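Let's take a friendly walk through a protein structure together. Have a look at the picture, and then we will go through some of its parts one by one.

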Amino acid sequence: MAEILVAIEQRKQSLAEVSLQMLSKGRQLSDQTGDELVAVVMGRVASGYAERLARWADRVLVARNDKAGESLAEPCQKILTSIIKERKPRLVLIGHSSFGMDLAPALAVAVDAPLATDCISIAVENGAISVTRSIYNGKVNAQLSFTQVDTVIITGRVGEFTVEECNKRGKVEEIDVSFDEAFPYKQFQGYIEQPSRGVDITQSDILVSVGRGIKEKENIKIAESLAEALGGVVACSRPVIDNGWLSAERQVGLSGKTVKPKLYVAIGISGAFQHMVGMKGSR
């Protein structure tokens with residue numbers, strides 16, 4: 001049976017949301033093609049990870065390896081290279097996070113597989129794998145398909161795919177992938193994050209977002225009043241951040257956050273691609 005393999009990223013002792021997005025997409029493709037969905041979690045695997053992943057995957061491979069630490073790209077690439085060469089999956093899905101961007105190109109070279117990055121759509125039609133990539137700063141969507149090869153590697157854009165709950169009971173299997181190589185030039189030291197002011201716009205069902213068109217900082221109070229009346233929070237586009245009117249944690253867009261609220265109210269926002277890509281999943 002052919003396989004669809006999903007490389008799982010860990011972040012701050014939790015599963016990265018983008019990995020669950022890729023796993024959910026993998027489940028959709030697996031149900032369509034009949035391929036077995038395999039999740040691979042690597043490094044210092046926390047208790048309960050495998051069981052959670054098994055809700056979507058037919059099989060969960062747990063590769064415990066201290067060298068991989070908190071999803072370090074080089075040791076994870078070594079682990080995945082060994083697994084891919086042995087199992088020859090039809091498709092490998094990786095989130096297009098900083099980890100995925102570091103991992104995927106080297107992995108593609110190591111297993112001699114074609115690579116498509118930052119994809120916004122992934123499909124299998126008549127046995128052929130095709131993807132859609134946004135190019136020229138979002139002005140054009142390019143549809144690409146792959147010739148007959150053993151394995152294709154794809155990274156999916158963060159926030160582009162939804163996590164659909166599933167209740168499978170996949171098999172969990174511990175595997176031993178060891179190697180002697182060390183990577184002294186890159187070590188995980190810890191996370192450094194911008195201080196939060198207690199607002200997470202990605203978790204709000206209602207957003208009132210302001211842009212350059214509100215003209216001055218004083219007018220943000222109007223948006224705040226509306227957000228309070230609706231039971232939501234205030235977000236913004238890039239110019240508001242550049243002017244120092246709101247903190248960066250409230251920015252929606254390509255260089256900000258991807259949001260999918262039930263209601264998105266945009267005030268004084270032009271609708272440029274860089275902003276639209278961050279909120280187009282709004283209901």
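This is a predicted model: local features need pLDDT of at least 70, side-chain atom pairs count only at pLDDT 80 or more; totals for chains, interfaces and linings use all residues.

Helix α5 (220–230) and strand β14 (263–267) each contribute at least two residues to the patch.

Take Ile267 as an example; you will find it in strand β14. Is Ile267 buried, exposed or partly exposed? Its relative accessibility is 30%, so Ile267 counts as partly exposed, since that class lies between under 20% for buried and over 50% for exposed.

Now turn to the sheet. Nine strands build this open sheet with mixed pairing, and their order is β9-β8-β7-β10-β6-β1-β4-β5-β11.

Strands β6 (residues 91–95) and β10 (residues 152–156) run parallel and are joined by five bridges. Within this pair, Gly95 is opposite Gly156 in β10.

Which strands does helix α1 touch? Helix α1 (residues 17–33) packs on the sheet and touches β1 (3–8), β4 (36–43), β6, β7 (115–125) and β10. The direction of α1 makes about 175° with that of β1. Finally, look for helix α3 (residues 73–87), which lies across β1, β4, β5 (59–64) and β6. Helix α3 runs at about 150° to β4.

Terms used
Residues are numbered from 1 along each chain as its sequence is written. Side-chain values use heavy atoms; hydrogens and water are left out. Helices (H or I, at least four residues) and strands (E, at least two) are DSSP runs, numbered from the N terminus. Buried means under 20% relative accessible area, exposed over 50%, partly exposed in between (1.4 Å probe, protein chains only). Two strands pair if DSSP finds at least two bridges between them. Contact means heavy atoms within 4.5 Å. Axes are lines fitted to C-alpha atoms, for helices over the stretch in contact, and angles run from 0 to 180 degrees between N-to-C directions.
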